[in-house]
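My notes follow in the order I took them.

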Amino acid sequence: MRKKFLNSFFMFTKLNLRNPFFLGALLITFLYVIILIYYCYNHVISNPGNILQLSSFLIQGLMLFFLLLGYFSVKYESEPSIKDILGTILKARKVKIFSNFCFVIFLNIVLCLTSILCFSVVYKLTHISTLAFYINSSLFIIIYWFFPFLISSFIGLIIGIWLENRKISFTILIFIWFLISPTNIYILKTFFENFGFSHFPYILQLGVDNPNLPYNTLKGYELSYNRLAKCTWWLGTVLSVLFMSLVIKQKTIFHRAIYLFLSLILIVASLLCIPFVAQENGQDKRVNSILYNTNIYSKYNNRLPKYGFLYEIKRYETTIQTDKKALFQTNIFLKNIQEKKKLIFILSHDFKVTEVLNKNKNKIPYVQKGDIIELHISDTKIPQGEIRFTYSGEGSPFTPTDKAGLYLPFYFSWLPSNTKHLPYQIDHNSVNSLPMQNLNEIDYQLTYKSKSPIYTNLKAVGDDQYSLKTESGVTLISGELKSKTIDGFNIIYPFTDERMMEYMPNYLTTLNKTFHEIENVLDIQDIELPNTILFSPVLEMNDITFSSYMWLHNSHLIVKLDPYGDRSDTDLLMYENLVPYHLISAVTWKAKGLVLKDSNMSIYFNSVFGDYINKRLGKKPSSESKFWISQIQTDLKDSNSKKIFKQVSSITQSKDNKLVEGFFKEWYTSLENRGSWKELSDLLVKYKGE
């Protein structure tokens with residue numbers, strides 16, 4: 001038996017090596033891989049993660065290749081040209097099919113292992129040194145390459161067992177390939193949406209959910225349990241069909257019973273996986289989140305209750321657990337409670353509150369509506385001012401909160417607070433974040449365990465425990481991040497952005513100069529540029545204004561990057577020109593937790609003052625500032641605004657630096673006091689002497 005197996009295996013191998021289709025497919029595959037490697041090494045693909053993330057066309061082609069190989073592992077013996085050769089292995093049809101299919105599996109393993117080795121060499125050449133990235137890349141190839149190719153092979157094998165007519169077989173194989181291959185997802189989604197089954201294509205599809213969506217530099221590859229469940233479901237389904245086929249084909253009752261038993265086990269296993277198979281596509285989540293947020297803030301914006309905020313927060317004790325979503329248990333200790341009937345807390349609507357208790361574990365009645373939680377305390381005592389909130393949520397594409405990536409910055413409303421405004425507002429048809437940090441001194445106690453690297457401004461006080469008394473809130477970030485010390489700054493950045501570090505010294509020089517220019521011109525006191533710079537890949541498609549990009553805490557500066565950006569080594573040179581525009585709001589009103597009354601006014605100030613700072617640094621004005629100035633002029637649409645813009649331009653272009661800086665200082669003071677366009681007009685009269 002062993003000799004027949006080996007003879008058949010090597011015979012099938014030789015026949016394939018002489019097959020032009022087989023050799024051509026392998027050649028195209030390796031050329032495709034070599035091109036990907038070349039593009040990455042020569043910076044055409046700047047993010048190494050995109051070598052695999054954008055490999056859907058390769059996956060699609062190889063799925064067809066393995067479908068046909070699985071089919072021919074059964075049908076090769078019936079080929080007239082090779083029937084006589086395989087006929088020399090007598091009375092061994094089952095052994096020949098089994099050995100042929102083992103060759104298909106062997107080829108799949110060799111292809112995947114070779115690719116892992118080649119890509120690992122490229123990652124090393126592009127200075128990726130983090131072991132976790134190498135491990136995740138290997139897991140990606142196993143989940144998105146090996147399993148789809150294996151499943152395709154089994155499907156081809158089943159078709160080969162049942163169908164004799166080659167034309168019908170090929171037609172069915174091509175149809176199945178069309179249904180399960182990744183790049184056809186958009187056609188299938190549009191078709192099934194007409195029948196109300198928009199998620200059905202994602203159940204069928206093997207491969208990356210969105211072939212055009214690049215690598216996520218915070219969360220990395222999609223390697224969730226859902227993915228493994230889908231592979232298990234598919235594998236169990238095709239194997240159960242294969243064993244049922246063998247039940248029908250077998251003649252002895254004993255063998256039929258064995259295959260039937262195996263088939264039933266696989267069917268049960270596949271059914272158990274179904275609840276985990278269907279999941280919302282990442283791109284759909286992003287779009288739906290924006291639409292939902294837009295609806296929330298169009299409906300509830302500026303509708304906070306007038307009463308319920310008269311209390312102070314003394315301490316937070318928070319425990320966080322993450323899996324598919326984050327689970328929070330937060331004890332809040334209050335003092336100076338002046339409210340008698342209700343307490344109002346602000347918590348992002350991304351989180352669902354499930355329970356509110358007092359210290360004695362008695363339930364406190366509450367109502368959660370959008371970002372507002374209203375506690376009814378008239379009939380409930382709050383011993384020692386202690387309240388326990390239990391809440392959970394997947395977060396959103398703006399602030400992911402799951403096992404793969406956790407982004408809980410200090411300015412985000414992830415801890416219940418008494419801040420008297422909502423976390424977001426509608427601005428220029430987009431949803432923009434507002435500063436939610438509590439500026440009172442509060443004692444924070446945090447417990448969180450993660451396999452990914454963690455950054456928090458709190459101090460480690462034990463295993464997975466952190467603590468600090470601070471006036472600016474808490475940041476907790478976990479994901480595919482690493483740190484490096486450059487010119488005295490602790491730089492935290494994504495694994496795959498290693499190439500950017502070459503130009504980081506220039507960027508830090510510009511950042512430092514810009515900070516001091518803003519500080520001197522506006523006469524800002526008690527704010528320093530921290531030594532920790534956190535490049536967070538969480539910028540979303542609706543983060544369009546200058547104020548979206550940077551957030552200043554007294555211990556760290558957050559610089560938001562596009563999580564799907566294919567950043568090259570020279571991208572920091574481009575970002576340098578935008579530093580003033582991004583840093584102004586971070587250093588000024590956002591650092592003070594202010595919400596400015598007129599967003600057009602703040603954007604206009606940011607644009608004009610940013611142009612001036614760039615001029616002081618010897619840089620050209622940004623084209624984005626010109627766009628926003630033009631946009632605001634269009635929004636205002638009155639003759640007086642044209643006069644204001646002309647006068648502002650005249651003053652800021654003056655060669656008298658003392659005059660210009662005095663104007664900017666007074667303009668900023670007016671902004672802090674929620675100044676209007678009328679006040680700006682009066683200020684212009686003062687400086688123009690009209």
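**Pocket entry**

I began with the second largest pocket, where α6 gives the most to the lining, with seven residues. The model is a predicted one, and I read the entries below with that in mind.

I then looked up which other helices take part. Besides α6 (93-125), I noted α4 (56-75), α7 (131-162), α11 (225-249) and α12 (253-277), and each of these five supplies at least two residues of the lining.

I checked the space next and found about 690 Å³ in the second largest pocket. Its lining has 21 residues, and those closest to the centre are Lys 94, Ile 97, Ile 161, Leu 246 and Gln 250.

How do the lining residues divide into nonpolar, polar and charged? I wrote down 13 nonpolar, three polar and five charged.

**Strand entry**

I moved on to strand β2, residues 326-335. Is β2 mostly covered or mostly open? I found it mostly covered, with seven of its 10 residues buried, where buried means under 20% relative accessible area.

I looked for the partners of β2. Strand β1 (residues 312-322) pairs with β2 in the antiparallel sense over 10 bridges, and a hairpin of three residues joins β1 to β2.

How values were computed
Residues are numbered from 1 along each chain as its sequence is written. This is a predicted model: local features need pLDDT of at least 70, side-chain atom pairs count only at pLDDT 80 or more; totals for chains, interfaces and linings use all residues. Side-chain values use heavy atoms; hydrogens and water are left out. Buried means under 20% relative accessible area, exposed over 50%, partly exposed in between (1.4 Å probe, protein chains only). Helices (H or I, at least four residues) and strands (E, at least two) are DSSP runs, numbered from the N terminus. Two strands pair if DSSP finds at least two bridges between them. On a 1 Å grid over the protein atoms alone, a cavity is a set of points where a 1.4 Å probe fits but cannot get out, and a pocket is an open set with protein on both sides within 12 Å along at least five of seven lines; lining residues have an atom within 4 Å of a point. Grid points are joined across faces, edges and corners, and a volume is the space filled by probe spheres set on the points. Ala, Val, Leu, Ile, Met, Phe, Trp, Tyr, Cys and Pro count as nonpolar, Asp, Glu, Lys and Arg as charged, and the others, Gly among them, as polar.
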